[in-house]
Amino acid sequence: MVAFDYGVPAELFPARNRKYRRQPFGYRRFTRAADAIRFAIEELPSELLLGAFLEVAGERYGSEEIRRLYQSSSYLLPRQAAV
């Protein structure tokens, strides 16, 4: 398995949800994949994370993979404290 590079640019595509009339969270581009992962896990509503995907260097990662990348010991940003 190739090591994931958290420092490269990434694009986040949240899932669409009819519950949100005006989509408060849409497509976003990040300068670092680590920032995109943090945003997806810590700020994106769980309904929009389910079905979302992250694109990094031409590879796509689904919501479960995004969670695994966030929980990885290689993740370079501080994680939000569990509540």
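Okay, let's start at D5, which sits in the segment before strand 1 (10-13); helices (H or I, at least four residues) and strands (E, at least two) are DSSP runs, numbered from the N terminus. Bear in mind that this is a predicted model, where local features need pLDDT of at least 70, side-chain atom pairs count only at pLDDT 80 or more, and totals for chains, interfaces and linings use all residues. Residues are numbered from 1 along each chain as its sequence is written, and side-chain values use heavy atoms, with hydrogens and water left out.

A polar atom of the D5 side chain lies 2.9 Å from the backbone nitrogen of G7.

Setting aside neighbours within four places in sequence, F4 is in contact (heavy atoms within 4.5 Å) with A33, I37, V56, Y61 and L69.

Now, salt bridges: a side-chain nitrogen of Lys or Arg within 4 Å of a carboxyl oxygen of Asp or Glu. How many does the structure hold? Six. One of them joins R32 and D35, with the closest N and O atoms 3.0 Å apart. Over in helix 1, R38 pairs with E42 at 3.7 Å, and those two are four residues apart, about one turn of the helix. R38, E42 and E43 are linked in a network of salt bridges. R67 is partly exposed at 30%, and E64 is partly exposed at 46%.

Methods. A polar contact is a pair of N or O atoms within 3.5 Å; within protein, one must be able to donate a hydrogen and the other to accept it, and residues adjacent in sequence count only if both atoms are side-chain atoms. Buried means under 20% relative accessible area, exposed over 50%, partly exposed in between (1.4 Å probe, protein chains only).
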